[in-house]
Amino acid sequence: MTDIPAPPRNTRLLQILQQVGLGLMTLAITLLGLLLVTFVIARVVPIDPVLSIVGERATEAQIQAVRDRLGLDLPMWQQFFIYVRDALTGDLGQSIRTGADISSEIARYFPATLELATLGTIFGTLVGVPAGVLAATRPGSIADQIVRVVGLMGYSMPVFWLGLIGLLVFYGQLDWVAGPGRLDPTYDMMMEFTLTSYTGMILIDSALNGAWDVFANAVSHIILPAGLLGYVSMAYISRMTRSFMMNELGQEYITTARVKGMPEWRVIWVHAMKNVMVPLITVIALSYAYLLEGSVLTETIFAWPGLGSYITDALFAADMPAVLGGTVVVGVVFVTLNMLSDMIYRLVDPRART
Amino acid sequence: MTLLDVRNLRVTFDTETGPVEAVRGVSFSLGRERLGIVGESGSGKTMTGRAVLRLIRPPGRIEADAMLFDGQDLMRASDREMRALRGKRIGMVMQDPKYSLNPVMTVGDQLTEGLRRRDGLGRRDAEAKALAALEAVQIRDPQRVMEAFPHELSGGMGQRVMIAMMLIPEPDLLIADEPTSALDVTVQAEVLSILDRLVRERGMGLIFISHDLRLVARFCDRVLVMYKGKVVEELEARHLLEAKHPYTRGLLDCLPRIGGPRGPLPALDRSGAWAQ
């Protein structure tokens, strides 16, 4: 028998720091790969970047001037180097459509998506996890059936249809919520001209400014699309929670907890839940990442000026730099969330730390 | 004095293809002694042990004419009354500490949980008791084990933690369900001697479930031999090796012996009328 259990606490801290460092390195490498992909795409698509800037009736000299400005005569590796350098300093190039800086455009569009996706994920988690647990602890019961049917509906009904019906019922008929857009036009003006913008997220900015009438209006605008996205992610989260929880409840340590005379709520919400958390974190992070990529359909129906509609509009206008800039942002979000969930994963699962 | 009196215990699982009877009318009684339950896999010995704690999950059902623990009928006890008995008065050690300890909680949290939640002790008192319990199962560095997670322990250490956890509230009855089957032979002996000493010192009743006949013969006072959910023979442990019943004899004949005759071991005869 050897007595060599837990390493001392400070070693654990060191391990966590090591993991963070490793995660950041993975992040850097993944992003470089992503930039390479978008760089190559920009070079192989049959859209002439020069032509779309100067127009068809430009002179040879004008074309050459733009070529020089874009650095298109440089060797490929040099072009890539400049591209990466610019991207790292936050310069994703100019939109062909608007001529504006893509980074500053995305900085305006992304907070709208962030706000919507975050609220949707919070709804989905707050409802989905307890619903999944309820279903798992009473398999076959009416509660279980309801959770399963409601979840299945979330899976199988097209989100645009749900969105339209939602607007029709809650906005058109009942008038409980405000319609499409992030704010009523009057408040929009107020937001634009009299309030300080900190984050670009209206709920947070209006609260920080103490403009509670704007806040209330923003809530009544966001509640329906966020509820819709929350419903879709709830469907996924509750199903996963149900199956994870059923699996854990069959484990032997659950019997141990019961043998110790622990009440059922403690067996489920402490003993089993701590283990369910481990895979559930990944599930929630993935569904959050999915919403953050911008749900094109939802954003279209609710006239939500988010990342999804930005990329879609750019795509229809053949505005390649904007599409690729958006793609890079989506990639960064995805990789960052992945890393975050990995880190939380290590916090909740001691086995992943060693 | 009788500690536990089980009469006509049945455990049934309702499946899609009809009910499966895991335990079919088992009766036994137990004082402050060591009762062994032996039998091959699937004979219903584990289910018998768990039924005493009423820890059979649906779709399993427990039925019995009576299941008296210290005069109280467990079949009629409410869930709340059962919880008050579990841990406090009846404990259970399971087969493999790899699965029976919660992988994401520290050993210390699991050891003190009962004391703090059930008995309402403060953190300091609970930790002192837990440390003492770890010392009682001969763990040399209890402070460090308290901070460890189960996967950082060896099998033998894990099982000693499990025993310590179950013995902290000084129960009257301990059910040990194959407590050494997942351990190395040398560790087995250590764990058994710890279990033996603690049970003897504290004068508790022990139900020792095992498929190891020789171990049970040495370790227990009395033995139940189970087959297909029934008790086919009950006898004094020291007479186990001279058992008369054909099924028990069959089990004994299957044991290889060092220096015994080589060649294939006899197959167990399961066709006897005793199975019906």
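How many bridges join β7(B) to strand β8 (residues 173-177) of chain B? I counted four, and the two strands run parallel. For my own bookkeeping, helices (H or I, at least four residues) and strands (E, at least two) are DSSP runs, numbered from the N terminus. I take two strands as paired if DSSP finds at least two bridges between them.

Before going on, I note that this is a predicted model, where local features need pLDDT of at least 70 and side-chain atom pairs count only at pLDDT 80 or more, while totals for chains, interfaces and linings use all residues. Residues are numbered from 1 along each chain as its sequence is written, and chains are lettered from A and ligands numbered from 1 in the order in which they are written.

**Sheet in chain B.** The open sheet here has six strands, ordered β7-β8-β9-β3-β10-β11 (chain B), with mixed pairing. Its edges are β7 (90-93) and β11 (230-236) of chain B, each pairing on one side only. On average, neighbouring strands are turned by 20° against each other, direction ignored.

**Helix pair in chain A.** Next I checked helix α9 (residues 202-209) against helix α10 (residues 212-249), both of chain A: they pack at about 165°, axes 8 Å apart. My axes are lines fitted to C-alpha atoms, for helices over the stretch in contact, and angles run from 0 to 180 degrees between N-to-C directions. That angle makes α9(A) roughly antiparallel to α10(A), a label for angles over 145 degrees. From α9(A), residues A:I202, A:L203, A:S206 and A:A207 meet A:V214, A:F215, A:A218, A:V219 and A:I222 of α10(A); contact means C-beta atoms, placed from the backbone, within 7 Å. I sorted the residues of this contact into eight nonpolar, one polar and no charged. In that sorting Ala, Val, Leu, Ile, Met, Phe, Trp, Tyr, Cys and Pro are nonpolar, Asp, Glu, Lys and Arg charged, and the others, Gly among them, polar.

**Chain A against chain B.** I found 24 residues of chain A in contact with 34 of chain B. On the chain A side, the elements giving two or more residues are α11 (252-259) and α12 (264-292). α11(A) gives the most, with six. By class, I have nine nonpolar, seven polar and eight charged residues on this side.

**Helix α4.** Last, I tested the length of helix α4 (residues 76-88) of chain A: at 1.5 Å a residue, its 13 residues should span 18 Å, and the end C-alpha atoms are 18 Å apart, so the two agree. The expected span is 1.5 Å times one less than the number of residues. After α4(A) comes A:G90, with a positive phi near 85°.

Methods:
Two residues are in contact if their C-beta atoms, placed from the backbone, lie within 7 Å. Angles under 35 degrees count as roughly parallel, over 145 as roughly antiparallel, 65 to 115 as roughly perpendicular and the rest as oblique.
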